[in-house]
Amino acid sequence: TLRKPISQSSMADWASKNLNMHTQGIFRRRISISNMLSWNGGSIKKPMLITSNRTIKKEACEMFKLVQSYMGDRQTRMDRNHVALVTVTKCWSMQGLRDELYIQLIRQTTDNTCYRSLAWGWELMAISLAFFSPSPKFQSYLEGYIYRHLDSDENIAQRIKELVDLKNKKNSKSRKKRKQNTEDEGLPISTYAKYCYRKLQKVAVTGGKKGLRKPTVEEITHARNAIVTPSLFGSSLEEIMLRQQDMYPGNKLPWVQTQLSQQVLALGGEQTEGIFRIPGDIDEVNALKLQVDQWRIPSSLNDPNIPASLLKLWYRELEEPVIPQQFYKECISNYENPDAAVAVVQLLPELNRLVLCYLIHFLQIFAQPSNVGRTKMDVNNLAMVMAPNCLRCQSDDPRIIFENTRKEMSFLRMLIVHLDTSFIKGLV
């Protein structure tokens, strides 16, 4: 469910306090906020947002040209993939540029009379949100802007028509006109907006791309494709199963879950000290995630911590946890009662029940005494590292979160010890 963000009046108040007001003409008259936040075909001589950082001031003006190049409003010799890569890498490396990019994209997608340019601006916003979040200070403003476009397709088409008519009247005698394109080319703007809205909610929590390796062209392409084709990470279980129907129609479990689990075992994970506790190299995990999202498992893997870390990430990033929210209270109420804990599992929707039982069956392998001696990960340790990936406490109260964390761990421990998962062998 999409929560309603800040009002338009609050957004205007934010803009008046944070925009670095530009001037024009020989008398250097200040440009109005509405003009500052409307599509601009020229260049800018200073950043959109107030900053005292000299590097940001310089880079912001160059970045505006990159935004225009990606949207097709400025000629460039680079292809659009490379333009996106340069733009995203600048902001990923330099935190102070991130809000500046988002406000520039807001500007260039406001009162833009070329539909293709408009769509490409939204596309660049969607790609950017795959790599980094805006600052907490700017998030509510960006959220408000995206929210206003969730069901705006008819309004956008009407607005473009009005602006084109107005411009044609003003420029009736002028030969030099910007090419107008009001035809719908590609996706509706609301599709981009809905994707961006969901992505913003997630990236604000997860913090975007981690690791030391800079963004790659492959990651840019993957981020663009994710707008239309949902990723295997961050989607719902139902979406994932629907997506794999053509490739693996007989599978009753998510391919990503079974493949990563089998990789952990194939690489000797049940004999690896600290498995699931010691994280795999973050750049290697990112690289594997990219491959898995293209239905590939590379043969070059040799560290079980890498698929183990990605498997934890997959569970953690599910749109709704494996144990859906409506069962959360029952879980933490029965954290000491084995029979009641097992009974909760039987109440879950069929797909969630199968996915959870597969996970528990997988963890039961590691809980065997012969493996615990090597991994140093007994049932308590396994429950501690896996519980946060299966159950999500909705409270903001630190005391409740702390208390429930203990109960979540105890509940999962009950399942690892007492749940009969022998039927799973016949499913895989």
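This is a predicted model: local features need pLDDT of at least 70, side-chain atom pairs count only at pLDDT 80 or more; totals for chains, interfaces and linings use all residues.
View 1. Residues are numbered from 1 along each chain as its sequence is written, and side-chain values use heavy atoms, without hydrogens or water. H3 spans residues 54–70 and H4 spans residues 80–93; their axes come within 9 Å and cross at roughly 150 degrees. Axes are lines fitted to C-alpha atoms over the stretch in contact, with angles from 0 to 180 degrees between N-to-C directions. H3 is therefore roughly antiparallel to H4 (an angle over 145 degrees). Helices are DSSP runs (H or I) of at least four residues, numbered from the N terminus.

**View 2. Residues of H3 meet residues of H4.** Glu59, Met63, Leu66, Ser69 and Tyr70 lie on the H3 side. Among their H4 partners are Arg80, Val83 and Lys90. Contact means heavy atoms within 4.5 Å.

**View 3. Helix H10 has buried residues.** H10 covers residues 217–225, and its buried residues are Glu219, Ile220, His222, Ala223 and Arg224. Buried means under 20% relative accessible area (1.4 Å probe, protein chains only). These residues pack against H3, H4, H6, H9 and H13.

**View 4. Cys61 is too far from Cys91 for a bond.** Their sulfurs are 13 Å apart. A disulfide needs two cysteine sulfur atoms within 2.5 Å, and the count is zero. Cys61 is buried, at 11% relative accessible area.

Notes
Helices (H or I, at least four residues) and strands (E, at least two) are DSSP runs, numbered from the N terminus. Angles under 35 degrees count as roughly parallel, over 145 as roughly antiparallel, 65 to 115 as roughly perpendicular and the rest as oblique. Buried means under 20% relative accessible area, exposed over 50%, partly exposed in between (1.4 Å probe, protein chains only).
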